[in-house]
Amino acid sequence: MSISTMRLTFAAAGLMLAASASGANASYCGDGKTVTFAGIDWESGAFITEVMKTILAKGYDCQVDSIPGNSVTLEQATANNDVQIFAEEWLGRSDVWNKAVEEKKVVAVGKTFVGASEGWFVPDYVVHGDPARNIEAKAPDLKSVSQLTDPKIAEIFADPEEPSKGRFLNCPSGWTCEGVSTAKLEAYKLDEAYVNFRPGTGTALDAAITSAYLQGEPILFYYWSPTAIMGKFKLIQLEEPAYNEACWKELSSANGKRDEGCAFPSVDVAYGVNSTFASEAPEIVGILEKATFPLEEVNASLAYMADNKVDATAAAAEFLKTKGDVWSKWVSEEARGKIEAGLK
């Protein structure tokens, strides 16, 4: 082969590599493929999904869609690549997801948000008061669940129907958290001193907390984040003994021992992504790796939804319009400009 022929061959090969690299960078959306999200039906998941759909559609010219379903069905759809992105996957909580991980059908990408928690709460004014509302602190030293055994503390949270006992506002019957909190009441030796009150629905739980808070009344209850309630009200989580696996196994088992109580396990939340899609769309995976929502912003957006009676799409638009300092770190400068222009 002559030198000139070799040069032409290497040049052609270089052009092919360059074209291949260019195609890889924009292959998924550039080829007109649709990025399908899990149509998560809980508020934080729906909000985050809409934000990420908008970022990909307006910033990167992607075709986006979502399909509805319950979490188990949507996790399986992600494993099958019928869904590419499950925006709020609580890692380790689902047998379907764990099996898909073992089979290398899905991967966890980035951290959707950090610091999500669940536990037992009281309004901040119970401990610190609220001078603006002329509310005095009724339990200024309250910090821990261990103090709830004090009859004077139980009296503060007196049950309206059985005032000789306190009231603990639990999850609705049938929720996993209801069984665990019921087990904790027994483990902490509180089951005789407190009425284990279970509201009929999640809406009833929220209504009871909201009513008590707006009236400045003491209330002891289970709750979690991110949620609108966390965004709207100032709450204090009561301290519990540190989580340990043996304790949790007993608390979370219907027939487990109730010898000791401990905190709920820490939560890791990531973008659940189909493995094939992850290999085909590295640019999108790169965005997801950076797209960590500050927890307080999620809570605030959910409160915005509740206060203004708007859906996740409207809340996502408001977030993108007002929180550019947050999401602009996730995208390229060109994408930021296109997203901002698309929101006007």
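Visitor: In which helix is Lys53 found?
Guide: This is a predicted model, where local features need pLDDT of at least 70, side-chain atom pairs count only at pLDDT 80 or more, and totals for chains, interfaces and linings use all residues. Residues are numbered from 1 along each chain as its sequence is written, and side-chain values use heavy atoms, with hydrogens and water left out. Helices are DSSP runs of H or I, at least four residues, numbered from the N terminus. The run of residues 43-60 holds Lys53, and this is helix α2.

Visitor: Is Lys53 buried or exposed?
Guide: Buried means under 20% relative accessible area, exposed over 50%, and partly exposed in between, with a 1.4 Å probe and protein chains only. Lys53 has 13% relative accessibility, so Lys53 counts as buried.

Visitor: Which residues does Lys53 touch, not counting those up to four places away in sequence?
Guide: Contact means heavy atoms within 4.5 Å. With residues up to four places away left out, Lys53 touches Phe37, Val64, Asp65 and Ser66.

Visitor: How many Å apart in space are Thr210 and Phe233, C-alpha to C-alpha?
Guide: Thr210 belongs to helix α8, residues 202-214. Leaving aside neighbours within four places in sequence, Thr210 is in contact with Ile229 and Phe233. Thr210 and Phe233 are 23 residues apart in sequence, and their C-alpha to C-alpha distance is 8.6 Å.

Visitor: How do the residues lining the largest cavity divide?
Guide: Tyr125, Val126, Ile135, Glu136, Lys138, Gly216 and Pro218 form the lining, having an atom within 4 Å of a point on a 1 Å grid where a 1.4 Å probe fits but cannot get out. Ala, Val, Leu, Ile, Met, Phe, Trp, Tyr, Cys and Pro count as nonpolar, Asp, Glu, Lys and Arg as charged, and the others, Gly among them, as polar. The lining therefore divides into four nonpolar, one polar and two charged.

Methods
1 Å grid on protein atoms, 1.4 Å probe; cavity = no way out; pocket = protein on both sides within 12 Å on 5 of 7 lines; lining within 4 Å. Helix = DSSP H or I, 4+ residues; strand = E, 2+ residues; numbered from the N terminus.
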